2 protein chains.
Amino acid sequence: MASSWTPLHAKIHRTLRSRSLLPKHESILIALSGGQDSLCLAQLLIDLRDRWNWHLAIAHCDHRWRADSQANADHIATLAQSWNLPFYLKTADSPPPNEASAREWRYAQLQSIEGFHTIVTGHTASDRAETLLFNLIRGSGADGLSSLNWTRQLTPTVKLVRPLLEIMRSQTAEFCRDRNLPIWQDSTNNDLAYARNRIRQELLPSLKHNFNAQVESHLAQTMELLSAEVEYLETVASEFYETAIDITSQSLDRTILRKIPLAIQRRVIRQFLMRSLNFNPNFEQVEKCVGLITAPNRSRTDPFIEKTIAEVNADQIQLKSLD
Amino acid sequence: MASSWTPLHAKIHRTLRSRSLLPKHESILIALSGGQDSLCLAQLLIDLRDRWNWHLAIAHCDHRWRADSQANADHIATLAQSWNLPFYLKTADSPPPNEASAREWRYAQLQSIEGFHTIVTGHTASDRAETLLFNLIRGSGADGLSSLNWTRQLTPTVKLVRPLLEIMRSQTAEFCRDRNLPIWQDSTNNDLAYARNRIRQELLPSLKHNFNAQVESHLAQTMELLSAEVEYLETVASEFYETAIDITSQSLDRTILRKIPLAIQRRVIRQFLMRSLNFNPNFEQVEKCVGLITAPNRSRTDPFIEKTIAEVNADQIQLKSLD
């Protein structure tokens, strides 16, 4: 059966071209969970394959979190076979304890599959909207509001690409329905104990209904804008950090910091604390340390971690252990 | 009765000093609505007056929106008298038709009162949190997420200052209670027909209860961070705009745009459309115009307004009327 060319095909084709996301002749590993988003992605890439001459393959990571995870893996294996695509299955020895460690394990597994420099995932604009709300509520600053980007370098040679970031989840659902794609229902998606699920199933529908029907795409667009801005701001801040840092004495040069705008001061200070102390400072901690840029000599912050403070030492802001 | 020095006094004193918001010996006009925030602000400034040697005065703008607006004005006049402060009342000839025109009228009235270069308002961190949510839901990009700043130049000589941006509304309420300040209840604050009131009375409490008790201060902090970042990004974009623009031909130089990061390209394009066409482009319009930076010759956008498009003309992006 010849696949029909839909507006969704046209949109993805345009996105891939204008953003140079997936080069011609590339070998692409599709991370398939079995949910509607990754199924939609796989089918779209298969439909577009001849125009781009890609080599496609399917990978599935089984965290063994649910009783039916083996059945899910089998389901995807059958699907890959029906598509006539190579299939790679990775199964966890023991279930990862939380979402963060699961993600880490998953990416490590995907990277370890040889022959692929590009891994694609089915993250959508709806994921962006939800992530923005999730991080906004948690209070993670502009960076958390921009965390789902089009591409991310996983290793020096392996890149993660998210081609569906302009597609809503309602569109992937419609596509799967139209094409009769066999979606695997993940029962944990309905568990309202998870903040993410409550955002998806309660908060976003309520915002749509009570405030603005377009809120989901507005949020996704906001994340798109903030992503590029954060990337630029971090680049600028890194340059000033490199000029201002003295690694040996763990100190920053205040005369350099004083000349740069507040927005960049904050990011340089954050890079300083993250790189020197290997911890993620909160809003107040950054603000207190920014205060030292113009403070009198010997001014200091409260301890960040384990009795480590920042203190003004003439023209320097210096990290110091109180022991 | 001697006023007692509270942690709130200390906090405001510190904020005013570290941010250099209100200079010593300044003549300050306090915009007083009669609500808890502006009452708290007025009392705090009165209590701090001797340390800063300010000259204080009270102004009230009566939009004549409510039947009790004259009574509200009388109430504030009495209050100003009890504080022994000069009082200025401005009354609208006819009620402004909406919130935007009311704000415009109000600022014009406040600016017109002679002898004051500084006007202060009682906007709080809670206002920031609500404004961020309001603009996020409407979809106004990073700029809307940063719209309540510490200071804003109203005219070349008159500045608006918002000293309470680190104070929560719960704190101004507590302060008014402790000091027995006579709050004037604005009945329109309870009208859930207004999105802002629904955010204040339903959305924020629900986010607090269902997700994170600290959400209000997280949102306010996010706005604080974004404000400084937007200010910096707009400054950088303005510089590139000035280099890239040719006013006579209403065109931007693509060779300059191609060398700058996406975040700045977007802001230059937006400045271009806002200044040349005097309209506020939406996300898609900016993205289409950004697409022209690398597009083939003669590529064009859809019409923005009244048959005006942007078109690639060799090294230029040019605005053109289709007539």
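Guide: In chain B, B:Asn180 sits in the loop between H7 and H8. Helices (H or I, at least four residues) and strands (E, at least two) are DSSP runs, numbered from the N terminus. This is a predicted model, in which local features need pLDDT of at least 70 and side-chain atom pairs count only at pLDDT 80 or more, while totals for chains, interfaces and linings use all residues. Residues are numbered from 1 along each chain as its sequence is written, chains are lettered from A and ligands numbered from 1 in the order in which they are written, and side-chain values use heavy atoms, with hydrogens and water left out.

Start with the backbone. B:Asn180 has phi near 55°, a positive value in a residue other than glycine. Most residues other than glycine have a negative phi. B:Asn180 counts as exposed, at 68% relative accessibility. The classes are buried (under 20% relative accessible area), exposed (over 50%) and partly exposed in between, with a 1.4 Å probe and protein chains only.

B:Arg64 belongs to the loop between strand S2 (55–62) and helix H3 (69–83) of chain B. Its relative accessible area is 39%, so B:Arg64 is partly exposed.

B:Arg169, in helix H7 (residues 169–178), pairs with B:Glu130, in helix H5 (residues 125–138). Their side chains form a salt bridge, 2.6 Å from N to O. A salt bridge is a side-chain nitrogen of Lys or Arg within 4 Å of a carboxyl oxygen of Asp or Glu. The pair ties together parts of chain B that are 39 residues apart in sequence. Both ends are out of the solvent class: B:Arg169 is buried at 14% relative accessible area, and B:Glu130 is buried at 3%.

B:Glu130 has another salt bridge, with B:Arg200, at 3.4 Å from N to O. B:Arg200 is in helix H8 (residues 195–210) of chain B, and this pair links parts 70 residues apart. B:Arg200 is partly exposed, with a relative accessible area of 27%.

B:Arg169 has one more tie to follow. Among the contacts of B:Asp37 are B:Arg169, B:Thr172, B:Leu164 and B:Asp127, leaving aside neighbours within four places in sequence. Contact here means heavy atoms within 4.5 Å. B:Asp37 is in helix H2 (residues 36–52) of chain B. At 13% relative accessible area, B:Asp37 is buried. Its side chain makes a polar contact of 2.7 Å with the side chain of B:Thr172. A polar contact is a pair of N or O atoms within 3.5 Å; within protein, one must be able to donate a hydrogen and the other to accept it, and residues adjacent in sequence count only if both atoms are side-chain atoms.

Turn to chain A. An unreviewed UniProt entry carries a "binding site" annotation over A:Ser33, A:Gly34, A:Gly35, A:Gln36, A:Asp37 and A:Ser38. UniProt positions follow the numbering used here, feature names are shortened, and annotations may be inferred rather than shown by experiment. A:Gly34 is in the loop between strand S1 (27–31) and helix H2 (36–52) of chain A. A:Gly34 is buried, at 0% relative accessible area. Beyond four places in sequence, A:Gly34 touches A:Leu39, A:Ile76, A:Pro182, A:Ile183 and A:Trp184. Its backbone nitrogen lies 3.4 Å from a polar atom of the A:Ser38 side chain. A:Ser38 is in helix H2 of chain A and is buried at 5% relative accessibility.

A:Arg19, A:Arg128, A:Glu166, A:Glu224, B:Arg266 and B:Glu287 are linked in a network of salt bridges. The whole structure has 42 salt bridges over all chains.

The structure holds zero disulfides over all chains. A:Cys176 is in no disulfide, and the nearest cysteine sulfur, that of A:Cys40, is 5.4 Å away. The cut-off for a disulfide is a pair of cysteine sulfur atoms within 2.5 Å. A:Cys176 is buried, with a relative accessible area of 2%.
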